[in-house]
Amino acid sequence: MITLLERAPIEIKTWFLNLLGSFGVPEWILAVLSAGIIIGTIIGVFLGLFALMSVMERKILARAQNRYGPNRVGPFGLFQPVADGIKMITKEDLVPRTADKIVHFLAPVTMMIPALMVLAILPYGRDMVPAELDSGILYFFAVGAGTEVAVFMAGWSSNNKYSVLGAMRAIAQMISYELPLVISAIVTAMIAGSLSPSAIVAAQGGFALGFVPQWFALTPWGFAAGLIFYIGALAESNRSPFDLPEGESELVAGHLTEYSGFKYATFFMAEYVGMFAVCGLFVTLFLGGWQAPLPFLEIIPSWCWFIGKICFVAFTMVWVRATLPRLRIDHMLGFAWKFLLPMSFAAFLSAACWHYAGRGPLAWLLSLAIVGIPYLILGTSFTKRFAVSRRTYRFSE
Amino acid sequence: MNFPGSGIVKGLAVTARNFLGSYFEKDRLTTEQYPEERPTLPENSRSFPFLIYDGTDPDAGMRCVACKICEKECPPQCIFIIQDRDEAGKALKRPKVFDIDISVCMSCQICVEVCPFDSIRMDQEYEMSSFDRFDALLIKKPQLLKSNAYYQKIHPTEAAETDARLEADRKKKEAAAAAKAAAAKKAADEKAAKPATPEAAA
């Protein structure tokens, strides 16, 4: 029963293909269909998650501010995405007269494609990897970098100063945060000895003392690298507090200023799907992927665990959004280069020491020290720089 | 000295407390779910004027005597009154037409201040939007007339004061009438008692 549920998506697919095969459908059509089913399922699941997220985010934000949030459309406002979708589709699709029409049209498409492509390498469950790549992590970052081009295409083609400013901020931000993001991801690949996501998940399997999961996030270096990765992921997916590229208080909507209707919806969708993808990578690298947190919870199928963990990480992103105000651009870049980058090097070193000290209690202490001391030094100097002193007035008082 | 990053953790704790608290403590959610939940209006809130009648019959108990003071005083001139007349063309002490254009009315309450008969008062009705700009926003006499009991319900303090004053006036008037009647009776009695005097004097 457990294994049946565990393997249900795979079994259903094979049963369906066998059924078609028995009707004499040629082999090559079956191969295409097999890929099509996987792609369709993944896109369906993630677009469903996006629809759910767009309403849940508003509800969570509202609850964090002691409001109800959307609750008018359908039960508990759950049909809100349908209403939003209809609104977006029926809106007029404006293109500025001076815009570069072709690039303006291509930007949302270019944004959407990498967001969907990176979903291919995530291990969704036991033996459930759409594309088993040995260098999956590398693929993820290489393809994911395509969104930067799309953002700049959107900003430049709009022929609008706010769009260009927003796009330039987005580029500055994405390039700055890509470094700590990649280095903290490399740390896990280093410990697992492979760039393949499924190998990294496998390296986090098993339970210490019979009940403590061996996720990388539960080791000192993994915790630090995970936190850095998480912050980098927030910045990469342009989410608050790093949503400067579309900071509406100064830039109207940044690179999205000249977009409306379905093109805007596509951008929005790509941003959320990209966010889910990066959440999925975070879960894969640090939270044990599809592994259950406790031994007796393994009765729940692995793919449920994976989606559940993604939802949890997405929830924490909304939680952070509800808490932190937007940063100033120089503070944000300074934080990436002066704090996150050195810290990711520290995590790198700490992981190496953890490995060579034998991964035991001594290694634990050593890696904790290597991560903790730089954190305290850098952190205090950083907070001191932004410490608020009592304001003195020269003329009043 | 604070641990670096403790401020963020504190902030996260605050939002988490609000997030979870809003599901358990109903007082946290101050939003009124309007069409389902109606606000309890403060007693002094006011929207547009209405006319008061005493008793149960709107036509018989109407306090308005069509003196047109409110019509003259109304700053945006949103009140329109035509006095009623009987068949002989004699003016009656009641309005035939009493319209208030609430698209013009600015809820200033001056009509209430000037009314010598405590007939016009401010309502608390606020759901008056309509799809028609003209007729639906011109409130006619039958809709304007509301009972004194309704007035007592929406503005209890003010209504009690008005009722007490009206009651006192009525008593004074009765007393005056009684005194007048008594005086008249006395005069008549005196007349009856000394009928011959004037003639005798004459």
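**A chat about chains A and B**

Biologist: Which strands does β1 of chain B pair with in the antiparallel sense, and over how many bridges?
Modeller: Strand β1 (residues 49–53) of chain B pairs that way with β4(B), over 3 bridges. Strands here are DSSP runs of E, at least two residues, and helices are runs of H or I, at least four, numbered from the N terminus. Two strands count as paired if DSSP finds at least two bridges between them. This is a predicted model, where local features need pLDDT of at least 70, side-chain atom pairs count only at pLDDT 80 or more, and totals for chains, interfaces and linings use all residues. Residues are numbered from 1 along each chain as its sequence is written, and chains are lettered from A and ligands numbered from 1 in the order written.

Biologist: What is the bridge partner of B:P49 in β4(B)?
Modeller: B:M122.

Biologist: And what is the strand order in the sheet?
Modeller: The order is β4-β1-β6 in chain B, an open sheet with mixed pairing. The edge strands, β4 (120–122) and β6 (145–147) of chain B, each pair on one side only.

Biologist: New topic. How many residues of chain A are in contact with chain B?
Modeller: 17 residues of chain A are in contact with 14 residues of chain B. Contact means that the C-beta atoms, placed from the backbone, lie within 7 Å.

Biologist: Which element of chain A gives the most to that side?
Modeller: α15(A), with 6 residues. Helix α15 spans 361–385; α3 (27–64) and α13 (302–323) of chain A also give two or more residues.

How values were computed: Contact = placed C-beta atoms within 7 Å.
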